[in-house]
Amino acid sequence: MCTVCGCAEGNVKIEQGHSHDHGHHHHHDHGHSHDHSHGHSHDHGHDHGHSHDHSHAHDHHHGHAHHATVEPTIIHHHYHHQGNVEHHYHYHIHGEAAHQHGHSHGHDHSHDHGHSHEHDHHHDDKAEAFAPAHQGDNLHYGQGPAHAHAPGMSQARMVQIEQDILGKNDAIAADNRKRFHQANQLVVNLVSSPGSGKTTLLTETCRRLADDKVVVIEGDQETANDADRIRETGVRAIQVNTGKGCHLDAAMIGSACDRLDLDKDELVIIENVGNLVCPAGFDLGERHKVAILSVTEGEDKPLKYPDMFAASNLMLVNKVDLLPHLNFDVQACIDNARKVNPDIQVICTSATTGEGMDEWIDWLQKQR
């Protein structure tokens, strides 16, 4: 997941308007300071606390630098989610050191990040790097308490990093959930691999609910194509571009909801970035995850990506109109999903023919 692959590195952009509130909130468990100098005509107040032993500099094309001292095994995270226009997340792992930086600016700009790390990492020789399990000719890296692997990093360190990152996300997700509950808003998180027909199914859903109180949060790495498709149905939508990030997180959803100025009793549908791995671990504050699996994929997908289907309340087996042209066993797919989640509900759907759409809409309305 993202604690090891660095997929959160990149620029996150949220549509609609501009905000000039540049307040920053940093959560740190350490004790060093970062000096930030910005080449903007805005006031950016920063307060950082860390305890580290080496320094690194981050050069940005928009004219500011970060200076910090870091001990190799220390993690530091910067969460900025008060500004609503743009979030910058930087995530780096150096041996056993992990760095995550988030910046929230109320204006739109793009830049590259150059990093210079001229320091030595000293590793505890007693800490064994996690080795894969061998099973015949197969290697399994997803073993141990972290169920993940990074070269040169022990499982204990992996667990610490994962707990720290997900702990901060979960705290924001809890705030989101409280907010949604107080406003009697149903929030549903659609997750799938790319090409599952998720946007087409969502577009048809919006057409059928156009007279209802519905709003959509679209997640993609780039473009506003999907949000534009949703708006054509008459439903309000906002696009969140994650840059290199492979999933939405709770802070992004909170900012998007601030922009949308949600009404009470609204149905909020989140279309997550196409990915069956990382979105499984990131709570957004939603009430339900809905996994969409198309018949053009393998019926063993739930077994290959068990975390996602275990976290979902409903599986939509989509594009069933194509079944006559495919060798896909629907019952085997359902059986596989229930091996990892015995309680998962299943609806077979086709946005093209309308099969299962009434049942899907009824399911949504019953949750409200």
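Okay, let's start with two tryptophans: Trp360 and Trp363 both sit in helix H9, 3 residues apart, which is about one turn of the helix. Before I go on, keep in mind that this is a predicted model.

A pair of aromatic rings is described by the distance of the centres and the angle of the planes.

Are they buried or exposed? Trp360 is buried, at a relative accessible area of 1%. Trp363 is buried too, with 7%.

Now let's look at what H9 packs against. Helix H9, residues 357–367, packs with helix H3, residues 198–208. Two packed helices are described by the angle between their axes and the distance between the axes. For H3 and H9, the angle is about 70° and the axes are 11 Å apart. So H3 is roughly perpendicular to H9, and their crossing is right-handed.

Which residues make the contact? From H3 you've got Leu201, Glu204, Thr205 and Arg208. From H9 it's Met357, Asp358, Trp360, Ile361 and Leu364. Sort the residues of that contact by type and you get 5 nonpolar, 1 polar and 3 charged.

Key
Residues are numbered from 1 along each chain as its sequence is written. This is a predicted model: local features need pLDDT of at least 70, side-chain atom pairs count only at pLDDT 80 or more; totals for chains, interfaces and linings use all residues. Side-chain values use heavy atoms; hydrogens and water are left out. Axes are lines fitted to C-alpha atoms, for helices over the stretch in contact, and angles run from 0 to 180 degrees between N-to-C directions. Helices (H or I, at least four residues) and strands (E, at least two) are DSSP runs, numbered from the N terminus. Angles under 35 degrees count as roughly parallel, over 145 as roughly antiparallel, 65 to 115 as roughly perpendicular and the rest as oblique. A crossing is left-handed if the near helix is turned anticlockwise from the far one by less than a right angle, and right-handed if clockwise. Contact means heavy atoms within 4.5 Å. Ala, Val, Leu, Ile, Met, Phe, Trp, Tyr, Cys and Pro count as nonpolar, Asp, Glu, Lys and Arg as charged, and the others, Gly among them, as polar. Buried means under 20% relative accessible area, exposed over 50%, partly exposed in between (1.4 Å probe, protein chains only).
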